[in-house]
Amino acid sequence: MVQLVGSLRKELADSLSTCKVLVVGAGGIGCELLKNLVLTGFKNIEVIDLDTIDVSNLNRQFLFQKKHVGKSKAQVAKESALQFCPSANITAYHDSIMNPDYNVEFFRKFMLVMNALDNRAARNHVNRMCLAADIPLIESGTAGYLGQVTVIKKGMTECYECQPKPTQKTFPGCTIRNTPSEPIHCIVWAKYLFNQLFGEEDADQEVSPDTADPEAAWNPEETAARATASEKDGDIKRVSTKEWARSTGYDPVKLFNKLFKDDIMYLLTMDKLWKKRKAPAPLDWQQLENSVCSQQETPAAGLKDQKVLGVWGYCQMFQQSVETLRSQLQEKGEGAELVWDKDDPPAMDFVTAAANLRMHIFSMNMKSRFDVKSMAGNIIPAIATTNAVIAGLIVLEGLKILSGELESCRTIFLNKCPNLRKKLLVPCVLDPPSSNCYVCASKPEVTVKLNVHKTTVLCLQDRILKERFGMVAPDVQIEDGKGTILISSEEGETEANNSKFLSDFGIRNGSRLQSDDFLQDYTLLINVLHTEELERDVEFEVVGEAPDKAPPPQSNQEEVNSITNGNKDSAQPSTSSKAAADDDDIMIVDSEEEEVASSSSAAATAGSKRKHPDSETGETSTKRPRTDQSGAAADNDDDDIIALD
């Protein structure tokens with residue numbers, strides 16, 4: 001007769017009490033996961049998260065309370081989880097998982113790693129560390145009512161990077177509020193601003209500078225003090241953005257100077273943010289008005305919606321749209337609210353103007369009204385119950401691994417609506433590793449098409465190796481028979497090379513570069529394919545994939561169907577390029593699921609037909625991106641889905 005301890009076999013229960021597991025991320029999924037782990041019987045848990053608790057987290061991250069705002073998520077999650085099981089041994093790290101201290105040896109001490117992340121950079125890194133350490137990894141993510149859990153094991157399953165990923169559509173709140181680096185960050189900010197001024201106020205959609213930004217204050221006590229100060233500000237009573245706007249009578253000039261001058265000047269006082277970034281440049285209405293009087297702006301050519309106006313042109317658009325929206329609000333009466341609609345001209349004008357003014361402040365190229373409208377997309381909220389379901393599935397897959405039943409592990413999709421078999425949860429067999437993967441193949445190798453006379457060493461390091469191939473601290477050697485070091489991870493050693501072109505080092509068509517990341521225990525061989533025929537704004541192409549553009553290309557229908565894990569935070573792990581991500585939130589889960597099962601079908605297949613047997617029926621179905629909007633979850637009329645927590 002099988003001995004049971006609770007609902008588990010005795011052998012498994014004993015294993016749980018002795019095995020050591022790592023949880024990466026203590027946000028939406030992470031909170032639910034920690035609670036589940038201690039209640040299931042796991043006794044030795046380590047959790048890491050760089051982020052601090054924001055008041056907007058409290059509606060779904062149930063290990064946190066109002067008194068915890070400004071404190072470390074990992075530390076508070078540990079303390080709260082211990083109340084469920086005081087005998088558990090939990091270690092918390094308020095740090096980035098991409099910190100070199102967490103090397104391969106650190107990962108090797110765990111039997112299992114569980115990701116509860118919200119951004120691709122950290123996911124890629126943990127994926128590589130688990131491959132190097134040969135430790136099973138359970139990956140997960142949610143987007144609104146959709147979710148996914150999968151298992152990654154070296155040599156047995158696809159790794160996280162085996163299939164190409166669509167452009168990420170999730171952004172950290174501190175990036176939106178403090179350090180935007182892409183036009184979409186400014187567009188999301190402008191949509192939030194519309195709701196703060198004219199619509200339903202939401203704590204998740206704050207637009208003023210984020211004083212509790214983890215990058216601005218790395219010391220937890222300092223971060224908590226900043227958060228408390230932002231609530232009190234001495235004896236000054238804080239009022240909402242809408243209340244303040246009402247007190248000014250929605251005066252466009254006062255709104256302009258507050259948003260684009262005063263708030264930007266306040267951001268400049270957070271000097272840690274600008275050590276490695278170009279600082280924003282505040283705008284002043286009076287100065288702009290005076291300067292435009294002395295020099296006439298040249299009208300932009302082209303169709304009205306496709307014109308990119310000058311700064312003063314967007315100032316006038318901002319003024320006119322605020323006046324129109326103010327009138328609409330007054331007509332609706334006291335306590336009325338407006339709802340943003342991309343097809344409402346004044347609402348669209350407001351977002352276009354506000355977004356472009358912010359782009360200009362942060363040294364980005366401004367966009368036409370047409371571009372802004374096409375990028376605005378849909379916002380997917382974080383759903384607490386989705387996080388709970390996914391966290392439960394992570395534990396179930398973990399129990400299979402610890403029972404030695406890795407072959408019974410599955411990729412599981414959580415759908416918004418039942419599929420044809422009336423199921424919300426759809427398990428699919430795990431895919432084997434891709435022989436062409438540039439991460440988990442036995443000898444990773446890629447071919448990159450670029451112009452050696454125009455590509456600098458810094459572009460190779462930052463745009464290609466770090467951004468595109470996810471390396472943290474690459475060392476690059478030219479295979480020229482001399483072992484020439486092109487890039488060194490040792491600070492200052494090859495800095496003089498940064499501004500030089502690849503051709504200056506004899507790199508030409510057919511040259512080979514060996515790139516090593518010792519932290520990730522990862523080596524990539526790069527074949528250089530020289531070309532002078534790249535499209536405009538395309539810096540390089542990975543052969544066999546769509547070109548990487550700057551700015552990224554507009555998303556297509558495939559991206560509608562991918563799950564994007566977003567929270568208050570995301571594209572970079574935080575405003576810090578090495579942050580360890582926070583929330584639930586929404587990984588980009590590029591999944592391949594049977595076509596009838598979910599709206600999250602196979603962005604990863606990039607149009608190729610692959611057949612997966614259903615884990616219960618054994619039937620196979622060709623999976624491909626949907627081409628219509630009839631799917632259960634395809635109730636949006638925008639292709640560009642932005643998932644935000």
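**Exercise 1.** Are Glu 161 and Arg 128 buried or exposed, and what do their side chains form where they meet?

*Solution.* The model examined here is predicted. Step 1: both Glu 161 and Arg 128 are buried. Step 2: side chains of opposite charge can pair when their charged atoms come close. Step 3: the side chains of Glu 161 and Arg 128 meet in a salt bridge, at 2.7 Å from N to O. Step 4: Glu 161 lies in the loop between β8 (146-152) and α6 (173-177), while Arg 128 belongs to helix α5 (residues 120-133), so this pair ties together parts that are 33 residues apart in sequence.

**Exercise 2.** Determine how Asp 284 and Lys 261 are joined and classify the accessibility of each residue.

*Solution.* Step 1: a salt bridge of 2.9 Å, N to O, joins the side chains of Asp 284 and Lys 261. Step 2: Asp 284 is in the loop between α10 and α11 (285-294) and Lys 261 is in helix α10, so the parts tied together are 23 residues apart in sequence. Step 3: buried means under 20% relative accessible area; Asp 284, at 13%, therefore counts as buried. Step 4: Lys 261, at 26%, counts as partly exposed.

**Exercise 3.** Describe how helices α10 and α13 pack.

*Solution.* Step 1: helix α10 (residues 252-269) and helix α13 (residues 345-361) pack at an angle of about 25°, and their axes are 12 Å apart. Step 2: angles under 35 degrees count as roughly parallel, and α10 and α13 are therefore roughly parallel to each other. Step 3: the crossing of α10 and α13 is right-handed.

How values were computed: Residues are numbered from 1 along each chain as its sequence is written. This is a predicted model: local features need pLDDT of at least 70, side-chain atom pairs count only at pLDDT 80 or more; totals for chains, interfaces and linings use all residues. Side-chain values use heavy atoms; hydrogens and water are left out. Axes are lines fitted to C-alpha atoms, for helices over the stretch in contact, and angles run from 0 to 180 degrees between N-to-C directions. Helices (H or I, at least four residues) and strands (E, at least two) are DSSP runs, numbered from the N terminus. Angles under 35 degrees count as roughly parallel, over 145 as roughly antiparallel, 65 to 115 as roughly perpendicular and the rest as oblique. A crossing is left-handed if the near helix is turned anticlockwise from the far one by less than a right angle, and right-handed if clockwise. A salt bridge is a side-chain nitrogen of Lys or Arg within 4 Å of a carboxyl oxygen of Asp or Glu. Buried means under 20% relative accessible area, exposed over 50%, partly exposed in between (1.4 Å probe, protein chains only).
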